[in-house]
Amino acid sequence: MSSYGHLPPYQASTADPRQTQPGAQQPRPPVTPGPTGYQQGGSPYAQNTPNVQQNQYAQTPKNGYGYGGTPVEDQGYFPPQGQALIDDPGSMEGLVSQMGGTGLGGDTAVASRPGKKKNRHAYHNIDQPTVAAQAFNQSTGNAAQYVNQDPSQQMSASHPYAGQPITPAMSQFPAQANPPFSPGLQSLGQSPGFGTSVQTIPTPSGPVSAQGQVDPEQIPSIPRVRNAATQYYLEHVYSTMEHHIPPPGAVPFVAIDQGNSSPKFARLTLNNIPSTSDSLSSTGLPLGLVLQPLAPLSAGEHPIPVLDFGEVGPPRCRRCRAYINPFMTFRSGGNKLVCNMCTFPNDVSPEYFAPTDPTGIRVDRAQRPELTTGTVEYLVPKEYWAKEPVGLRWLFVIDVSQDAVSKGFLAAFCDGILAALYGEDEEKLDGAEINGEVPGESRNIPVGSKVGIVTFDKAMHFYNCSDKLEQAQMLVMSDIEDPFVPLGSDGLFVDPYKSKSVITSLLAQLPKLFSHVKNPEPALLPTLESAVSALSATGGKIVCSLASLPTWGPGRLFLRDKNDLHGIETEKKLFQTDNPGFKKLAGKMVESGVGIDFFIAAPAGRYMDVATIGHLSAVSGGETYFYPNYVAPRDSLQVSLEIKHTVTRETGYQALMKVRCSNGLQVSSYHGNFLQHTFGADLEFGVIDADKAIGVMFSYDGKLDAKLDAHFQCALLYTTASGERRVRCTNTVAGVSEHAAEIMKFIDQEAVVNVIAKEAATRMTERPLKDIRNVLTEKSIDILAGYRKIKSDSHPPGQLVLPENLKEFSMYILGLTKTRAFKAGHEPSDRRTHTMRQLKSMSPVELELFLYPRILPLHSLPAESGFPDANTGQLVVPPTIRASFSRIEDGGAYLVDDGQICLLWLHVHVSPNLLEDLFGAGKSSLQSLDPMLNSLPILETHLNAQVRNLLAYWGSNRGSKAIRIQLARQGLDGSEYEFARMLVEDRNNEAQSYVDWLVNLHRHIQMELSGQRRREDGGGGGMSTMGMENAMAGITSLWTGKEG
Ligand SMILES: [Zn+2]
């Protein structure tokens, strides 16, 4: 095994970076400076200085990372002069013209590089080091020496996130005794005035006609913000009462819960809320909350406290039923508990009573996590049970029909289950081997949880996997018209660790066993009905594979998408199901506390009716993994990793959710994957997992008092995988202001984009796609024009002025209109529907990457990138570049990750040395690479280790999809079209370039400001919008969140 094989993934550390600090024995920060003695006096946000993090990022030099296209001479992976031109235009003509036609004034792509003698490690050339390399050389000596250095030594010396000085802010603990709610941002330095926190883009006044009049270098850059925030949060923690605008979704950070929940669980679109509905309307912004109640924590963050109030349950407001939280206040010496939602003064029960000190703070506050921590869990007594809680039951329902066998999907799925239950490797992420340690008896699913296995083709087969058996017993149920479960719960559901040998041998045999049967048509619905009835006593989770359209038996499906509906009003029918059997089963699932994840492979891109099948996942709170062009050698690794992820991520079941908010506000709508029987009812989930997010929109039913804050509480009642019934409470606070200008300082752009995306996805089954694209355009104009009206200051009207906290908003919305859900042109309905449902449930992390991929040049990686910093032990994370072909350099190699797939794009003239460093000796040409390659081999080259480390880093901050690479070799692989699609700043996906889009928005903003705007003229992507006026008026009102 090579030395790199021992390289521990940097993120594997669970050590608490604060263990060496005083008070580290406490389960949480011993004293939070947050809502101590929380007083509803004045809206601190409004009096506060604006959050300056974004401004700090903005101070990062524009070319500070050496990515201005200059350092390439020093890197050496470029072809010699004269070779850089594409000399094989035939194969690439279409794509080149597509990507070349971006029109970003001035060709910033470098045509060729000065000739330089190529030697193997020329990229470590120290004759003319880059700035970064210089720093590196100074600290560690000869760079070439580092190439052969075993990085694992460095890694073992200091893990990133372990023992690192990540928490300078931690010296603030314990903080001053009784600070206000928002202690200010002293630790972040002085804030610039609001007037300086805008970005202006010079354009000529009057009609803007030519795109060349906007400088592409000056338009807001998502990578620049991400890069700066990434560096900032390597050195700072996010303290939830001190910071008011969370980092971009794709940026990892460590949060300290000071009474306000971490933004990992809840992000408000506005952290300073207008006091009136009219004031909100003037901003054009949505008031919404993105909730990810079971979001994963980072290493170094405190686990969520789990509190037990015994038979009486947690204290709650008698009037509005809100749970006790840090923002409720005590009066009358501790005898009255004043609700922060409805202001009702509750009597404190004798068992919960504690006296208050002269400042009104309970004397036992420091020992009470529910009074100091924004996110807590309560164990709840029987009155909260729907049925006796037990450990989660997993039922694997496996397609063994002919296509599943012959396409290799059955084998991949069985391997995935084995990896999920018994695999111990963290390193499989980047294709590395398991550490050389002896595998222990560790469990991947908690004690008390059980698994069962069912297979199906035209019939269904149940397996008794009892550990008392030598091998599994198969019971066939061929009556699919009226099926029953021919096996008691004890035989079907077993402890997978006691029955390891039975399960292992069964899963190993299944592909061979069914290779002789060859039933072409699976009977899906009857199988799932049986599966749900097997789980109806307890609830649980089904993980189901499917490799061909289920055309057999009751509920059989047929080819609905025949292209004749595309692009017309009735296309939306393809995005939903009217199949009564599937709709009925979805309801039954939720009622039984059952949810389902699908793994759907569509070999050769065949129609699978994702709309109907995935409906079960969408309603029951599950997920659909969809492999639209499944090819076993390439995709089986991803299937395996994703099954493992789905089984090992935090999962709860039989869940109910309720969101409460302050008087004056009300919930107007929810968006996500769940069941809501009637408006106002609790949301119901068969299952809910760590990756799922829900969007909540609010409207006004009164006026908010600007002297008070606004409060939000999400309560998720669920059963844990280990079988405990709990309520997870997520408490969020915001300031209230009467001045719209104050609102703009605390906008959370990521949350705004997330709720807009979720709401737009919800509308897909109601409105034609063209309407939705137009509404997204109109919404962008409303918001940006609203800002200009509010901030009528010195900017000349000809300038496009973007609020500091919405600088990248336009690009995200453009990215949204380019997704497969909303884009114009042809797109199979399976892919549109799949994307729609993903958008509805995507977390901020996943959505942000999805709308704007991260792109990393590998040919010019600084030598220290991808290894721990010698001083801090933290992984050195290199900057990413803009998603435009104009930034792609000849001879370059790029990782392109949108959180769903990760392409390795290789220019036709990429250096043979680079290829050998990445892929091994002899792999020196694009043609020599295996097109099915899905991971990097483990080599003792510097570059190979760098890239594997960085892939592991990306994989740890991604969402629900596994990271593995897919080759996109210029001129060779079909996935190159996917690469072109992901360059979202360019003109592609039937929509404008970023520059054109800004020019278009700007023109409409100017028209709005001069009173000449015609709302029906959406203009987005040049779509015709004639006759849309009435429809627009209709949905515009829906989209302002004013209804109901
Ligand atoms: Zn209340």
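Let's start with Cys320, which is partly exposed at 21% relative accessibility, a class lying between buried (under 20% relative accessible area) and exposed (over 50%), using a 1.4 Å probe and protein chains only. This is a predicted model, where local features need pLDDT of at least 70, side-chain atom pairs count only at pLDDT 80 or more, and totals for chains, interfaces and linings use all residues. Residues are numbered from 1 along each chain as its sequence is written, and side-chain values use heavy atoms, with hydrogens and water left out.

**The zinc site**

- Cys317, Cys320, Cys339 and Cys342 coordinate the zinc ion through their SG atoms at 2.3 Å; donors are N, O and S atoms within 2.8 Å of the metal (3.2 Å for Na, K and Ca).
- The site is tetrahedral, with angles of 101 to 116° among the four donor atoms; the term requires all angles to lie between 85 and 135 degrees.
- Along the chain, the zinc donors are spaced as C-x2-C-x18-C-x2-C.
- Cys320 sits in the loop between β7 (306-308) and β8 (329-331), and Cys342 in the loop between β9 (336-338) and β10 (345-347), so this pair ties together parts 22 residues apart in sequence; strands are DSSP E runs of at least two residues, and helices are H or I runs of at least four.
- Cys342 is buried, at 4% relative accessibility.

**Around Asp930**

- Asp930 is found in the loop between α24 (912-919) and α25 (942-955), and is partly exposed with a relative accessible area of 41%.
- Its side chain reaches the backbone nitrogen of Met932 at 2.9 Å.
- Arg634 is 296 residues from Asp930 along the chain, and their C-alpha atoms are separated by 9.7 Å.

How values were computed:
Polar contact = N/O pair within 3.5 Å; in protein donor to acceptor, adjacent residues only side chain to side chain. Tetrahedral: all angles 85-135°; square planar, octahedral: opposite > 155°, others 65-115°.
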